[in-house]
Amino acid sequence: MDRLREIETDGNSNPIQISRLALDMGGSLIKLVYFSRNSGDHEDPLNDSVPISNGVNGRLHFAKFETTNINDCLQFISANKLFFGGFQHQENPTNDRSFIKATGGGAYKFSELFKEKLGIILEKEDEMDCLVTGANFLLKAVNHEAFTYLNGQKEFVQIDHNDLYPYLLVNIGSGVSMIKVDGDGKFERVSGTSVGGGTFWGLGKLLTKCQSFDELLELSQRGNNRVIDMLVGDIYGGIDYSKIGLSSTAIASSFGRAVSNSNELDDYKPEDVSRSLLRMISNNIGQISYLNALRFGLKRIFFGGFFTRGHSYTMDTISVAVHFWSKGEAKAMFLRHEGFLGALGAFMSYERHSLGDLMVNQSVQIPVDASSGTDTNCNPLERDLNETESMQCSVYQA
Ligand SMILES: Nc1ncnc2c1ncn2[C@@H]1O[C@H](COP(=O)(O)OP(=O)(O)OP(=O)(O)O)[C@@H](O)[C@H]1O
Ligand SMILES: CC(C)(CO)[C@@H](O)C(=O)NCCC(=O)O
């Protein structure tokens, strides 16, 4: 049963109707995906009995909050009355509580809080399942979703729907999950590492005293890792170790130079510390990803999660690591909706559970709105998907 409700106006006194909200609550960030129906679509939003036979046009919206600021997230949901965007349980339609699909650890951790503060029941969906569903959906339905990034060059990849599987999905959140994907709902989490986005942010915060993740990322753009990292040339007197394929400028030991002098932390510029840290972690993830791709003979690796943040240096480092270790055999690709895979998967799960609700039409290419930042600018702060981000799409009755 669809529960479209009028909730507010769009500034032109046209009603904005929200249907369906889904959440992905991770260790660092809470992600929201919700659908708003275009005003001017003349279905009666309150008449549940009217079947919506044609597609309902509207927009998918994306928003995120730091998990430590969960109260801001609750406030956002409440202020925008997004909790009307759930569904009523078929088994107990008289229960007027909203049921919202939620994934990630927070779906467990915060279930009482949502019940208590908003009267929302969180319907838990498996995190890995949601990541894969979200990735498959984006790769199949959204134009210009996947791209390669090498030497500062961003190139969109045309996805052949008949030749998508198998691939390795590497989700870099607080921690990192590596998932071999063989089809819709067919996957295996083959590896993971605790050295991920939380490590970069956590260590970076301690070492640089940065107050925000964006500040840390911005610092890294101005830093020079050679100040702190020990290079092959430092060990080999300035020459390459060409016999094993290492140039003099390759990093022999991340942070290794810090032991060879009497410098204290304060003697280093936060920019350089941030740069070395970002490079160390990105390199490591790129290398482990490649090794897992090698394990299963996978040539394509898609990177999701909010760690990359569309940041050029991060993506470049990961790509170079994959390229270097695979001798050019494997390809690293990134996703524009990087951190929203899980939330999108939870959003799609309304349909999977056949509650007679709505489903996103996957058969058409969904045009990405001009406001969505389809440009090639990879400045982290400019291309981040935020509350203003949305995607035009159609939703169909299941
Ligand atoms: N504004 C931000 N605040 C904090 N971290 C951010 C921010 N933007 C990007 N990040 C990075 O993104 C990471 C979180 O990514 P993501 O939201 O995909 O994972 P998560 O769901 O929180 O984690 P997990 O899946 O491991 O529970 C952080 O660890 C950090 O590296
Ligand atoms: C624990 C999860 C799955 C929570 O999202 C994630 O943070 C993760 O994959 N961490 C890495 C854990 C490991 O495999 O070592």
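**Figure 1. Burial of Ser111 in the predicted model.** A residue counts as buried when its relative accessible area is under 20%. In this predicted model, Ser111 has a relative accessible area of 16%, and it is therefore classed as buried. Ser111 belongs to helix H3, which covers residues 111–118. When its neighbours within four places in sequence are set aside, Ser111 is in contact with Gly106, Leu122 and Lys124.

**Figure 2. The largest pocket and the residues that line it.** The volume of the largest pocket is about 860 Å³, and its lining is made up of 42 residues, with Ser28, Leu29, Lys31, Ser174 and Phe306 lying nearest its centre. Several elements give two or more residues to this lining, among them strand S3 (29–37), strand S4 (56–66), helix H4 (127–141) and helix H10 (341–352). Helix H5 gives the most to the lining of the largest pocket, with four residues. Sorted by class, the lining of the largest pocket holds eleven nonpolar, 20 polar and eleven charged residues.

**Figure 3. The second largest pocket and the residues that line it.** The second largest pocket has a volume of about 710 Å³, and of the 26 residues that line it, Ala250, Ile251, Arg279, Asn283 and Val320 are the closest to its centre. At least two lining residues come from each of strand S13 (251–253), helix H8 (270–296) and helix H9 (312–325), and helix H9 gives the most, with eight residues. The lining of the second largest pocket divides by class into twelve nonpolar, eleven polar and three charged residues.

How values were computed: Residues are numbered from 1 along each chain as its sequence is written. Chains are lettered from A and ligands numbered from 1 in the order in which they are written. This is a predicted model: local features need pLDDT of at least 70, side-chain atom pairs count only at pLDDT 80 or more; totals for chains, interfaces and linings use all residues. Side-chain values use heavy atoms; hydrogens and water are left out. Buried means under 20% relative accessible area, exposed over 50%, partly exposed in between (1.4 Å probe, protein chains only). Contact means heavy atoms within 4.5 Å. On a 1 Å grid over the protein atoms alone, a cavity is a set of points where a 1.4 Å probe fits but cannot get out, and a pocket is an open set with protein on both sides within 12 Å along at least five of seven lines; lining residues have an atom within 4 Å of a point. Grid points are joined across faces, edges and corners, and a volume is the space filled by probe spheres set on the points. Ala, Val, Leu, Ile, Met, Phe, Trp, Tyr, Cys and Pro count as nonpolar, Asp, Glu, Lys and Arg as charged, and the others, Gly among them, as polar.
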